[in-house]
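Trainee: I would like to learn how to read a structure. Can we go through it feature by feature?

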Amino acid sequence: MTSTILKLENISKYYGNKKALTNIEWEAEEGKFITVLGPSGCGKSTMLSIIAGLERPDTGKIIFEGIDITHTPAYSRAINTVFQDYALFTHLNVYENIAFSLKIKKLSASQIKKRVSALLETVSLSGYEKRDVRTLSGGEQQRVAIARALANEPKLLLLDEPLSALDLKLRKEMQRELKALQKATKITFVYVTHDQNEALSLSDDIIVINKGSILQKAPPDEIYAKPVNSFAAQFIGDGNILNSVVMDNGRAKVFGTAIINCETSGFKKDETAYALIRPENVYFGSAKENSLTAKVISSIFKGEYYEITADLNGERIKGRSEKAFEAGQSAKFEFKDEIYHLMRS
Amino acid sequence: MQFKKRFSYPYIAWSVLFVIAPLTIMLLYAFGVLGGEGITLDNFKTFFQPAYLKIFAKSLLMAAICTALCLVVSYPAAYYISRLNGRKRNILFTLIIVPTWMNALLRTYSWMTLLAKNGIINNFLTLFGLAQMNLLYNNGAVFIGMVYNYLPFMLYPIYSTLIKTPRIYEKASMDLGANRLTTFFKITLPLSAPGIITGIAMVFIPSVCMFVIPDLLGGAQQMYMGKLIQHQFFQKGDWGFGSALAVILTIVILTIMYFINKYDADSLKGENMQ
């Protein structure tokens, strides 16, 4: 039985006349890994600051473990943050950084020592106690920041684009470790990122946010398969968003002539909509009679396949092929037999 | 590289002419090579008399108090200004800097008109039937003048470290459970240590050597190190002893600054915090 640990009710935030967040509503179940995904400047970091208590919302409430904490100062909340650039205290060493919150809690020296050693072990940095934080690599600083945020045993851990400063290889490694850490500690993570792959691979739930509003909140597979609109579709994964016309009983027309199977419930006949077709469902080099022909724009080798981008009557279509094409060449393509997702906007 | 080196020639010429040469001459006078009968330590021995040592101690103490007062007054102001947003911040900061564009001597004279027996403050007091006070020609007047004069030199470096330190550190501290006061003492203050150190250096050194302000506001009977040195050169004509005093002062100041800087470097490493 899971319970709601955090609930945001109608949160809005303005900077002068500029809206940073509008009517944000969502809740987090205890022990879940929740990712807030959106382009930079969409308000996701502001939302995190509001949850942490470092900024006040202009409207709305934050309910944490059933209690309204909207006006509780940051230092009284059982919530900790891993900041984007880590914000490690440069005048303190690794040990002192991690021990910071424990010293404020007035734990005994031996308790602090024990706890810091355990935390350093958790983040695989045993023996780093005396190190100057400024001499650490990005990955090491990241680990110290995580250990420091975990020291207080928060019920909720906020992570503000924690991996954005790391190189790709290290980022992948840290993703795995974070996921493992979250599973082991059972702490609820709220993880802010603009990296869709990170969101897809880490989360139990993804909240897609744009221009200060939530577009969709759903598990990764659902968001991937059934994005609420074309923005969410473009933001999660690679996708062709094609103009389509709804036909009767589960079919729609794309490119004027091609018929695809769609989930049409909620749509009227002859209504125009957008069909989402992932590139992995578009096969170039088709030999079928009823396949469409497009003009190849680019053909990029991806290892297992070639990624083909082509143009058909002014609409772009991206798909895969077993062989390379020349730019400018005509290529036939077909859609895999799937039930595709339709969107109104 | 070779070409760029040439840019430093004017500076080198300047410092040879106006720093190294005078210092050398001063050393030669202090050790009796110039103006004396050959190498001797007599000028230094003269200094180690109770009367001179007392003046020296008094000067150091006064400079220390002046520095401390400047620090206590400037820090909250610098902190407050650094937390304001753009426009207000610039206006307030300019208001603090503008007085330094005026000659220090003029500003000291204006303090004399304020504090004098028939000055503005006393006239104001008599207006309300209060007795006149002796505000001028005492240590209090000297402190007022010195603190007033050196305040911007303390405020500026503190202010600049405060605005340069990212606010995220304070946020992180609050996030980790420290309230505003604890955050200030554990994060803001230690991170602004470099500014404090620079401020101390910029106030302490000139205030040990200062002679104009003590002379004008402290009156004739107050003797300070700067005044004593000036006295040797211009009243007594004892260049040897004057130079020896200057050498001693230089050494003491350099030693003090060495320890302050060393403490600063240590505190930045956090070695004294654990």
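Trainee: How many bridges join strand β11 of chain A to strand β14 of chain A, and do they run parallel or antiparallel?

Mentor: First, the general idea. Strands of a sheet pair through backbone hydrogen bonds, either parallel or antiparallel. Two strands count as paired if DSSP finds at least two bridges between them. Now the case here. Strand β11 (residues 240–246) and strand β14 (residues 272–277) of chain A are joined by six bridges and run antiparallel. A:Asn240 stands opposite A:Ile277 of β14(A).

Trainee: What should I know about the model and its numbering?

Mentor: This is a predicted model: local features need pLDDT of at least 70, side-chain atom pairs count only at pLDDT 80 or more, and totals for chains, interfaces and linings use all residues. Residues are numbered from 1 along each chain as its sequence is written, while chains are lettered from A and ligands numbered from 1 in the order in which they are written. Helices (H or I, at least four residues) and strands (E, at least two) are DSSP runs, numbered from the N terminus.

Trainee: In what order do the five strands close into a barrel?

Mentor: The order is β11-β12-β13-β20-β14 in chain A, and the pairing is mixed. From one strand to the next, the twist averages 55°. Such angles run from 0 to 180 degrees between N-to-C directions, and the axes are lines fitted to C-alpha atoms, for helices over the stretch in contact.

Trainee: Is strand β8 of chain A covered or uncovered?

Mentor: Start with the term. A residue is buried if 20 or more other C-beta atoms, placed from the backbone, lie within 10 Å of its own; with 12 or fewer it is exposed, and in between it is partly exposed. In β8(A) (residues 188–193), six of six residues are buried. A:Thr188, A:Val190 and A:Val192 cover one side. A:Phe189, A:Tyr191 and A:Thr193 cover the other.

Trainee: Which residues stand opposite A:Tyr191 and A:Val190 in β8(A)?

Mentor: A:Thr35 stands opposite A:Tyr191. Strand β3 (residues 33–37) of chain A pairs with β8(A) in the parallel sense over five bridges. A:Leu158 stands opposite A:Val190. Strand β7 (residues 156–160) of chain A also pairs with β8(A) in the parallel sense, over five bridges.

Trainee: How many helices and strands are there in chain B?

Mentor: Chain B has 14 helices and zero strands. Its C-alpha atoms fill a box of roughly 70 × 70 × 40 Å, taken along the principal axes. Of its 274 residues, 30% are buried.

Trainee: At what angle do the axes of α6 and α8 of chain B cross?

Mentor: Helix α6 (residues 104–115) and helix α8 (residues 139–164) of chain B have axes that come within 10 Å and cross at roughly 140°.

Trainee: How many residues of chain A are in contact with chain B?

Mentor: Two residues are in contact if their C-beta atoms, placed from the backbone, lie within 7 Å. Here, 21 residues of chain A are in contact with 19 residues of chain B. On the chain A side, β6 (79–82) and α2 (94–104) are the elements that give two or more residues. α2(A) gives the most, with four residues.
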